[in-house]
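User: I have a model open here and would like to talk through how it is put together. Could you take me through it?

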Amino acid sequence: MKIINKWTVLLSFLSSGILTTSAYAQNDALEKISPPRKLTEEQSKVAADNYQKYCSLCHGKDRQGHENDHAPSLRSKSLMESGVAHQILRPMSYGRKGTAMGGYLDEVGGPMTLDETWDLTYWLFEQAGYDRLKFSTNPVKGDIKEGEKTYLANCTECHGANGEGVTAPALGNQSALAHNTDEFIRHAIRNGRQETPMLPFKDKLSATEIDNITAFLRSKALGWKEQKTILKALPKPEEYIVNPTGDDPNFTLTEDKYVSSEDLLAALQANNRMVLIDTRVTSVWQNAHIEGSIPFPYYKDVDINKTVAGIPKDVQIVAYCSCPRAAADYTISKLAKLGYTRTAVLYEGIFGWMKKGFPVMRGDIEGVND
Ligand code: HEC
Ligand code: HEC
């Protein structure tokens with residue numbers, strides 16, 4: 001009886017969210033929470049199809065991650081037990097600004113309805129097959145300065161000196177920090193992400209060191225607020241060609257397909273006739289794109305005959321994405337099958353283009369006038 005009481009007290013202690021560092025260090029066992037609703041067969045099928053169509057390009061056919069752009073695994077135990085629903089739903093819906101992860105919810109210009117994003121979240125959870133853990137939403141307390149030192153000594157090779165992400169997620173990303181709780185971040189550091197290059201640190205660093213890093217990462221959140229882009233009407237086929245009466249550009253391509261940012265800028269400045277296709281998810285075209293480009297998302301197994309209607313075969317097509325090249329390469333190969341061979345891919349992608357200070361059109365943000 002006594003023992004049961006002790007556990008009941010401990011459990012209510014854990015679930016009340018008052019969790020001190022030492023309690024956590026000694027009790028790694030977090031309470032489980034009930035699984036979310038089960039999908040119907042039909043919902044599962046739609047979610048599986050949506051996954052292949054929209055996500056597999058980067059996150060891999062089997063959700064293993066790291067297919068392109070170092071997109072993380074969407075089946076690791078530590079993520080799936082700590083992430084459902086919101087840590088999955090939010091990046092999927094709104095994306096992570098400044099990374100290759102765009103938003104897929106229709107509200108921001110993406111291809112999926114709200115129900116579809118929820119179903120895909122639960123589908124990922126069901127496929128992974130782990131329990132959900134209950135996390136405290138309290139901040140993790142730690143020494144930010146010490147955390148920075150430990151971060152610099154252990155994490156920069158993959159996550160970057162400024163948390164910008166090199167071969168791993170951007171830990172200083174404002175949209176990620178806005179939804180990832182401290183406990184979620186600490187759980188990832190302690191346990192790593194199974195079957196990925198992110199190894200567990202719980203045996204390498206002390207509990208205090210991990211708390212310090214968590215506090216350091218949290219200190220990078222600058223109060224990011226979700227910004228709502230006002231959706232623009234998509235260009236019509238008669239608007240597809242930039243400079244329809246201009247001369248054709250004459251690009252020197254590397255590896256037979258890549259054009260440099262400098263050459264593309266020069267062609268635009270010379271008013272050359274081209275079609276620029278933005279192969280990212282349409283929501284990020286809404287946020288910012290190269291002027292004159294048309295949204296032409298990479299989605300797999302989609303009939304692009306309709307999308308290309310209105311693009312003549314002799315015009316120079318330039319494709320770009322943020323990846324910097326995966327989605328554009330894929331789209332160009334689909335176009336080649338339809339007989340479009342005068343194609344090029346922007347080598348540096350749109351982030352490389354922007355880093356060089358080259359111009360982009362930005363979407364209007366609600367409530368912001370500048
Ligand atoms: C060898 C490369 C490497 C090192 C070193 C490394 N990480 Fe990672 N980390 C990764 C990769 C890759 C992922 C994404 C894994 C996945 O899910 O596919 C990741 C994921 C994470 C995540 C989860 C992010 C999210 O949004 O889900 C956190 C938090 C994290 N790392 C923190 C750290 C910290 C803190 C350190 C240093 C103590 C560190 N990592 C060191 C490669 C690394
Ligand atoms: C163009 C490549 C690309 C595509 C396509 C893509 N993602 Fe991502 N995704 C990424 C990258 C890169 C990240 C990591 C961004 C960061 O935080 O630095 C990411 C992060 C995520 C995360 C956060 C995971 C974590 O560990 O915190 C989720 C969830 C996610 N993506 C789901 C999806 C889903 C679902 C789809 C399809 C609807 C999708 N993604 C399509 C590249 C992509």
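User: How do α7 and helix α11 cross?

Analyst: In this predicted model, the axes of α7 and helix α11 (residues 207-218) come within 7 Å and cross at roughly 100 degrees, where axes are lines fitted to C-alpha atoms, for helices over the stretch in contact, and angles run from 0 to 180 degrees between N-to-C directions. That makes α7 roughly perpendicular to α11, the word used for angles of 65 to 115 degrees.

User: Which residues of α7 and α11 meet?

Analyst: From α7, Ile144, Glu146, Gly147, Glu148, Thr150 and Tyr151 meet Glu209, Asn212, Ile213, Ala215 and Phe216 of α11, a contact being two C-beta atoms, placed from the backbone, within 7 Å. By class, five of the residues are nonpolar, three polar and three charged.

User: What about ligand 1, which residues come nearest?

Analyst: Pro72, Cys155, Cys158, Ala168 and Met198 come nearest, out of 25 residues around ligand 1, counted when the C-beta atom, placed from the backbone, lies within 6 Å of the ligand. The elements giving two or more residues to that shell are α7 (144-154), α8 (156-159) and α10 (182-191), and the shell divides into 16 nonpolar, seven polar and two charged residues.

User: And which are closest to ligand 2?

Analyst: Cys55, Cys58, Ala71, Met101 and Pro169 are the closest of the 28 residues that surround ligand 2. α3 gives the most to this shell, with five residues, and the shell holds 20 nonpolar, six polar and two charged residues.

User: Switching to α6, what span should it have?

Analyst: Helix α6 (residues 114-128) has 15 residues and should span 21 Å at 1.5 Å a residue, and because its end C-alpha atoms are 22 Å apart, the two agree; the expected span is 1.5 Å times one less than the number of residues. After α6 comes Gly129, whose phi is positive, near 75 degrees.

User: What do the buried residues of α6 pack against?

Analyst: They pack against α3 (41-59), α4 (77-83) and α5 (86-94), and among them are Trp118, Leu120, Tyr122, Trp123 and Phe125. A residue is buried if 20 or more other C-beta atoms lie within 10 Å of its own.

User: How many helices and strands are there in the chain?

Analyst: The chain has 16 helices and nine strands, which are DSSP runs (H or I of at least four residues for helices, E of at least two for strands) numbered from the N terminus.

User: Anything on numbering and confidence?

Analyst: Residues are numbered from 1 along each chain as its sequence is written, while chains are lettered from A and ligands numbered from 1 in the order in which they are written. Local features need pLDDT of at least 70 and side-chain atom pairs count only at pLDDT 80 or more, whereas totals for chains, interfaces and linings use all residues.

Notes
A residue is buried if 20 or more other C-beta atoms lie within 10 Å of its own, exposed if 12 or fewer, and partly exposed in between; C-beta atoms are placed from the backbone. Ala, Val, Leu, Ile, Met, Phe, Trp, Tyr, Cys and Pro count as nonpolar, Asp, Glu, Lys and Arg as charged, and the others, Gly among them, as polar. Angles under 35 degrees count as roughly parallel, over 145 as roughly antiparallel, 65 to 115 as roughly perpendicular and the rest as oblique.
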